[in-house]
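The following exercises concern the placement of selected residues within a protein chain. Each task is followed by a solution in steps.

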Amino acid sequence: MKRYIATAMALLPFSTLASHHELSYYEPTMSFQTSKVADTWVGTLSGTVQATEEINLGFEVDSTGYLELGAGYGMLLGETYTEAFATYGRADLVDIYNLGAFAGRMLSHNVLVFASTSYEWRKNVFQSDDFPILSPNFSTHREWKASLGASYTPVTWLTYSYALNHDRIMSETHLEPSIFHADFTLTFKPKYVEPYVKYRYGQHRVRPGEPRTTEGTFEFGFNLNFR
């Protein structure tokens with residue numbers, strides 16, 4: 001959910017921040033994306049619905065079987081949109097719990113800055129000496145994550161965004177405890193369908209339930225906006 005909120009806010013129509021109280025309730029936003037994990041392409045479907053003026057509900061499911069459910073509570077504090085969120089995700093071998101907060105603020109009519117922070121608990125579904133591969137890749141029980149980024153919309157149908165992300169493992173691990181990675185996203189915004197391409201570089205997880213990779217990865221997808 002953290003990834004979805006950061007992406008959705010980076011791509012959010014700027015008028016929404018200016019008129020948050022005018023959001024249409026029960027009108028969902030859907031997105032589909034595909035990204036490469038090792039030698040396999042993974043498809044992901046996600047969606048949100050604005051249940052009330054402050055509360056949104058979301059889900060995410062991918063072709064590996066990963067499922068995530070989440071909820072957020074957002075409001076305008078002056079000219080800054082803020083949102084607290086919680087998610088639960090389940091992969092084949094790990095449960096993922098996440099609590100976090102997000103903030104976005106317009107600097108001008110076409111520039112948005114945003115930041116997020118969250119704390120993540122990753123719990124193995126089972127422990128077994130017969131599966132030593134779990135040790136290096138799934139023993140990171142607690143992680144703190146932070147992101148800082150900006151979006152620029154030079155014209156109404158095009159948005160550039162960049163985000164710098166920091167992940168720090170807070171428990172004992174064999175992995176590198178502190179890593180940085182960055183996202184660059186280009187989004188085209190015609191009416192209803194918004195295709196995008198994202199490039200991520202630096203050590204990261206392509207999907208929440210997968211091990212880390214140091215290879216740069218591409219993500220292709222589109223957002224469906226029914227408002």
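**Exercise 1.** Determine which strand holds Trp-41, and classify Trp-41 as buried, partly exposed or exposed.

*Solution.* In this predicted model, Trp-41 belongs to strand 2, which spans residues 40-50. The relative accessible area of Trp-41 is 44%. Buried requires under 20% and exposed requires over 50%; Trp-41 is therefore partly exposed.

**Exercise 2.** Describe the surroundings of Trp-144.

*Solution.* Trp-144 lies in strand 8, residues 142-155. With a relative accessible area of 30%, Trp-144 is partly exposed. Leaving aside residues up to four places away in sequence, Trp-144 touches Thr-117, Ser-118, Tyr-119, His-166, Asp-167, Arg-168 and Met-170. The side chains of Trp-144 and Thr-117 make a polar contact at 2.9 Å. Ile-169 is 25 residues from Trp-144 along the chain, with 6.4 Å between their C-alpha atoms.

**Exercise 3.** List the members of the largest nonpolar core.

*Solution.* The core has six residues: Tyr-81, Phe-85, Phe-102, Leu-112, Phe-114 and Ala-163. Strand 5 (80-90) and strand 7 (111-124) are the elements that give two or more residues to this core.

Key
Residues numbered from 1 in each chain as written. Predicted model: local features only at pLDDT ≥ 70, side-chain atom pairs only at ≥ 80, totals over all residues. Heavy atoms only, no water. Helix = DSSP H or I, 4+ residues; strand = E, 2+ residues; numbered from the N terminus. Buried < 20%, exposed > 50% of the residue type's maximum accessible area, 1.4 Å probe, protein only. Contact = heavy atoms within 4.5 Å. Polar contact = N/O pair within 3.5 Å; in protein donor to acceptor, adjacent residues only side chain to side chain. Core = buried A, V, L, I, M, F, W, Y, C linked by side-chain atoms within 4.5 Å.
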